[in-house]
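Take a look at the model below. Then follow this short tour of its helices and loops.

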Amino acid sequence: MPNRKDLNFVFFGTPDVANETLTILKNSGYIPTLIVTAPDKPQGRNLVLTAPPVKNWAIENNIPYIQPEKITLEELKITSSDLFIVVAYGKILPENIIIFPQNGCLNIHYSLLPKYRGASPVESAILHGDTETGVTIQKMEYKMDSGPIVAQEKTIIPPDEKASDLKKRLIQIGGDLLVKTLPDFIDGKIECVKQNEEQSTYCAKIKKENGLVDLEKDLPENIYNKFRAYATWPRTFFFKDNKRIIITDAVMEDGKFTIKKVLPEGKKEIDYLLFLSQ
């Protein structure tokens, strides 16, 4: 595998998905000259000021980093760059930054673009019952997830796979695909493919209320897909006696959605049949 330690690139990212991608890049000899991540934010009940995972990665690996509230070229403090790589940065990059590097700006998106542009592509694929998804490396443009496709790789979604497990697989696929793609991309050997706008679909940021289901009216397969898609957050839930009941374990059996365990509001997890008998 080619080792391009001479590649001068800036990495933009914030959460664990970006953190894990940085590790894949590092293990293949690609070390960013600068990391750009989000500012520390208050978290938890006590609102403790907490650093994003990518900042911690930068400190552990002795890589310069910045955490601007609003990103500008002046804030970057660089005069040139071969490439920018963006993975779940969480902020919209201005157009003058996207076009600044010599080779442009690459982004890893966890869907087969132009399908599921936006904030929740992994969850959306499961939510819609898709049996296939993948990873796209796109050359960014100043329009969300609309840039020409540099590389794609498909993968099957098993019928019982949850979003958290699929996301782990896609992170690895995306990191490996980026490493495999970078040498030819930098050398100008890849002909990017324009996305078909007529086939584009969009997915929004997930909200807590999206996890609500109606056990009486919703189709069983739709409930199960929501359970798989939102297994980590916001969880799938229903209300009983004005109390929020989270479904913690469930399966599809003979076309029926079967709940195994639930977490009633303010109580401990319990078997569903025992919960019903109370």
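Does Asp145 count as buried or exposed? At 12% relative accessibility, Asp145 counts as buried. Buried means under 20% relative accessible area, exposed over 50%, and partly exposed in between (1.4 Å probe, protein chains only).

This is a predicted model, in which local features need pLDDT of at least 70, side-chain atom pairs count only at pLDDT 80 or more, and totals for chains, interfaces and linings use all residues. Residues are numbered from 1 along each chain as its sequence is written, and side-chain values use heavy atoms, with hydrogens and water left out.

**Loops**

Asp145 sits in the loop between strand E9 (132-139) and strand E10 (149-156). Helices (H or I, at least four residues) and strands (E, at least two) are DSSP runs, numbered from the N terminus. Phi of Asp145 is near 55°, a positive value in a residue other than glycine. Leu47 also has a positive phi, near 50°. Leu47 is in the loop between strand E3 (41-43) and strand E4 (48-50). At 58% relative accessibility, Leu47 counts as exposed.

| Peptide bond | Omega |
|---|---|
| Leu113 to Pro114 | near 15° |
| Trp233 to Pro234 | near 5° |

Pro114 lies in the loop between E7 and strand E8 (117-118). Pro234 lies in the loop between helix H7 (220-229) and strand E12 (236-240). Glu198 and Pro114 are 84 residues apart in sequence, yet 8.8 Å apart in space, C-alpha to C-alpha. Glu198 counts as exposed, at 78% relative accessibility.

**Helices**

Helix H1 (residues 16-27) and helix H2 (residues 53-60) pack at about 30°, with axes 7 Å apart. Axes are lines fitted to C-alpha atoms, for helices over the stretch in contact, and angles run from 0 to 180 degrees between N-to-C directions. H1 and H2 are therefore roughly parallel. Angles under 35 degrees count as roughly parallel, over 145 as roughly antiparallel, 65 to 115 as roughly perpendicular and the rest as oblique. Residues in the contact (heavy atoms within 4.5 Å) include Leu22 of H1 and Trp57 of H2.

Buried residues of H1 include Val17, Leu22 and Ile24. Just after H1, Gly29 has a positive phi of about 90°.

H6 bends by about 30° at Lys180, and Pro183 follows within four residues. The bend is the angle between axes fitted to the seven residues ending there and the seven starting there. Just after H6, Gly188 takes a positive phi of about 75°.
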